[in-house]
Amino acid sequence: MRRNLRLAVAGATLAAVTAGGAGVAAATGLADGFDTPITGAALERASSAALAHTGEGRVTDTEAGDEDSYYEVEVRREDGSQVDVQLDRQFAVVGTEADRAHADSD
């Protein structure tokens, strides 16, 4: 009886830790395939920084916790091309990449 009780407690603890870890990953945008859009004041600052860097266009998508940087802002330029602007926590540009998948499909 005591052994069954210990196994039940151990199982419940493992389940709680696993669920808690998954919740943290989802909340931070780190879960596989889970994109977290930028919101609030951070969205305004990230958008402004990306548009200042590209010099033109409109923001079409954003992501916090991107695999390449802290923030990613996708900008569609007037010619139809798209560029991903990578930003750090202070909204400084740390990289850019032309989005070839969208450029090829246009």
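Predicted model: local features only at pLDDT ≥ 70, side-chain atom pairs only at ≥ 80, totals over all residues.
**Entry 1: the chain as a whole**

I began with the surface: the protein chain exposes about 7100 Å², and carbon and sulfur atoms supply 54% of that area. Accessible areas here come from the Shrake-Rupley method with a 1.4 Å probe, and for residues only the protein chains shown count as cover.

Residues are numbered from 1 along each chain as its sequence is written, and side-chain values use heavy atoms, with hydrogens and water left out.

Next I looked up burial, and found that buried residues make up 25% of the 106 residues in the protein chain. Buried means under 20% relative accessible area, exposed means over 50%, and partly exposed lies in between (1.4 Å probe, protein chains only).

I also checked contacts, meaning heavy atoms within 4.5 Å. Of the contacts in the protein chain with a separation of 6 or more, 28% join residues 24 or more positions apart.

**Entry 2: helices and strands**

I counted three helices and four strands in the protein chain. Along the sequence they follow the pattern α-α-β-β-β-β-α. Both kinds of element are DSSP runs numbered from the N terminus: helices are H or I with at least four residues, strands are E with at least two.

**Entry 3: the sheet**

I then followed the four strands, which form an open sheet in the order β1-β2-β3-β4 with antiparallel pairing. Two strands pair if DSSP finds at least two bridges between them. β1 (58–64) and β4 (93–98) stand at the edges with a single partner strand each, so one side of each is left without a neighbour in the sheet. Neighbouring strands of this sheet are turned by 20° against each other on average, direction ignored; the axes are lines fitted to C-alpha atoms, for helices over the stretch in contact, and angles run from 0 to 180 degrees between N-to-C directions.

For β1 and β2 (residues 71–76) I noted antiparallel pairing over six bridges, with T62 bridged to V73 in β2. β3 (residues 82–87) and β4 pair in the antiparallel sense over five bridges, and L87 has V93 in β4 as its bridge partner.

**Entry 4: the hairpin turn**

β3 and β4 form a hairpin with five residues between them. Which residue in the turn has a positive phi? I found F91, with phi of about 70°. Most residues other than glycine have a negative phi. Is F91 buried or exposed? F91 is buried, with a relative accessible area of 13%.
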